[in-house]
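Have the sequence and the 3D view open as you read.

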Amino acid sequence: ASGTIEELLDGEGVKLRLTGEAGELSSLFQLLQIKVPHLGHLKFEANVIHDFSAPGLSDLHVSLTGEPGIEFAADGSAENIFSGEGINIKFSGSLANPEIFKLLLPEGLPAVKQIQVAGEARDTNGRLGLEHLKVNVNAEQGLALKANGRLDLNAFLRLPVITDTAVNIDLSLPTTGLLKPYTTGTLPELGPVTAQARLSGPLQGLSLEDVVVRAGKPGSLRLGIKGRVGHVPLTVERPITDIKMTASVSAKTTTALSNLLGKPIPDFGPLKASGLITDRKGIYRMQAVNIAVGNPKKPTVKIAGAIDQLAKGYEPAVDGIKLQAAIRDLDLKPLSDLFGQPLPNPGPLNGSFQMAGNLAGLSVSKVNLSTASAQGMTMTISGDIKRIGPQRQKPYEGIALALSGKASQLGALPGLEGLELPDLGPLQIKASISDRGGSLNVNDFEIRTGTGDKA
């Protein structure tokens, strides 16, 4: 150090030139018994001005070089380094050292390859902050994170606290497989993922605004999320709250659902689905559920309703399903592809039913379905099913269905078309379907042919 101090005892009128070097910065940490990897050569130059009670800096230059994968530089000045008044310091840095990443980042994250940072610490009309902030993160398997914006601070050197945030975030993943370690492990492969959002608010009240998430490839299953998260906690002990986001799913054909559901789904036409995700007391739900299959203007299948619970906190827990389904002229021929062989074609399906419950047990009520074949055979099924679930031993219970059918002649029965059969007159079929001990029972089965005394 060299220079003058006009009032030594009061520490006023300071004009000092400070220079310093550390051949290896990690050696300074070793003095504090802190073990860190090699960090490189540190060099510091600055003029200390004003008073020791409110010192300023001019002609500041700080650099860290010499170690592969580590670079940092800062240049600028400050009227008061304690309060941040008049500060104007530009900085930039790059880190690509795996050993340091292990020290700084929590376990379980994708291996980071490089982090680049640039910005300005500036006092703008009494507002201290990091402006023009840019952060680029590149990780394994093509994961990339970009952030830019500003952070407002309450101080510079004395334990600064973020008082306001305005940072745009852009995340891209080449595959949803990178997200599996942070989910329940059942996330299917949907293709590339992009996400954008604006981080806003003070540190203790952060929010995500203008959230846009897209997953999938053109022509395949596409997932999308738009909206906001009003409160993002700093720890996982507290849930994310004040959510209002619209989720959507679309595909050119319903076969795209096969990968998502883990089982083959026939092609019933285009798919569009949407719902509004909100929260209440740590429970996430989906309202305004709308699912359409087929022509968007005249869908063959339309499902609407709500799901009262999607998750509790960070744990998936689907419950409170309340959905109504309406079917209009649904072609059942694609079911032949599902079973791998031609099936009798009863004609297009029409009707409606309701679903309620959860994934462990779903009830189907107010069933009213009918078909009408080209040969003149009509069939109707109505009633209720108390529970349908994933259990193998007892996948259903409480079945109470009524089956009825009518045809002008025996040859109109599905599967008997083209056969030479005697004309026995009109045909009527009635039966009731129930369950007992895990097996299906057909009761009160009745077939009538002919009319009047000839029946």
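## Charged pairs

Glu45 is partly exposed, at 22% relative accessible area; that label covers everything between buried (under 20%) and exposed (over 50%), worked out with a 1.4 Å probe on protein chains only. Before going further, keep in mind that this is a predicted model: local features need pLDDT of at least 70 and side-chain atom pairs count only at pLDDT 80 or more, while totals for chains, interfaces and linings use all residues. Residues are numbered from 1 along each chain as its sequence is written, and side-chain values rest on heavy atoms, with hydrogens and water left out.

Back to Glu45: its side chain meets that of Lys43 in a salt bridge, that is, a side-chain nitrogen of Lys or Arg within 4 Å of a carboxyl oxygen of Asp or Glu. Lys43 is partly exposed too, with a relative accessible area of 31%.

| Salt bridge | N to O distance |
|---|---|
| Lys43 and Glu45 | 3.6 Å |
| Arg150 and Asp152 | 2.2 Å |
| Arg127 and Asp152 | 3.9 Å |

Arg127 sits in strand E8 (residues 127-139) and Asp152 in strand E9 (residues 144-153), so this pair ties together parts that are 25 residues apart in sequence. The strands here, like helices, are DSSP runs numbered from the N terminus: helices (H or I) have at least four residues, strands (E) at least two.

Is Asp152 buried or exposed? Asp152 is buried, at a relative accessible area of 8%, and Arg150 is buried as well. Arg127, by contrast, counts as partly exposed at 41% relative accessibility. If you click on Asp152 and set aside its neighbours within four places in sequence, you'll find contacts (heavy atoms within 4.5 Å) with Arg127, Leu128, Gly129, Val161, Ile162, Thr163 and Asp164.

## Two nonpolar cores

Now for the greasy parts. A nonpolar core is a set of buried Ala, Val, Leu, Ile, Met, Phe, Trp, Tyr and Cys residues joined through side-chain atoms within 4.5 Å. Which residues of the largest core touch the most other members? They are Ile327 and Phe353, out of 37 residues in that core. At least two core residues come from each of these strands: E14 (241-251), E15 (271-280), E16 (283-294), E17 (299-312), E18 (315-330), E19 (349-358), E20 (361-372) and E22 (396-407). E18 gives the largest share, five residues.

Phe353 is worth a click of its own. Beyond its neighbours within four places in sequence, Phe353 contacts Leu323, Gln324, Ala325, Ile327, Val364, Ser365, Lys366, Val367 and Leu369. There is also a second, separate core with 23 residues, including Val48, Ala121, Leu128 and Leu199.

## Strands side by side

Strands E10 (residues 162-173) and E11 (residues 193-200) run antiparallel and are joined by eight bridges; two strands count as paired if DSSP finds at least two bridges between them. Within this pair, Ser172 has Thr194 in E11 as its bridge partner.

E11 also pairs with E12 (residues 206-215), again in the antiparallel sense, over seven bridges. Here Ser200 stands opposite Ser207 in E12. The hairpin of E11 and E12 has five residues between the strands, and there Gly201 takes a positive phi near 100°.

Which other residues have a positive phi? His132 does, at about 50°, although it is not a glycine, and His132 is found in strand E8. Lys281 is another non-glycine case, with phi near 55°. Lys281 lies in the loop between E15 and E16 and counts as exposed at 79% relative accessibility.

Finally, jump to Gly450, in the segment after strand E24 (439-449). Gly450 counts as buried, at 16% relative accessibility. Gly450 and Arg238 are 71 Å apart in space, C-alpha to C-alpha, and 212 residues apart in sequence.
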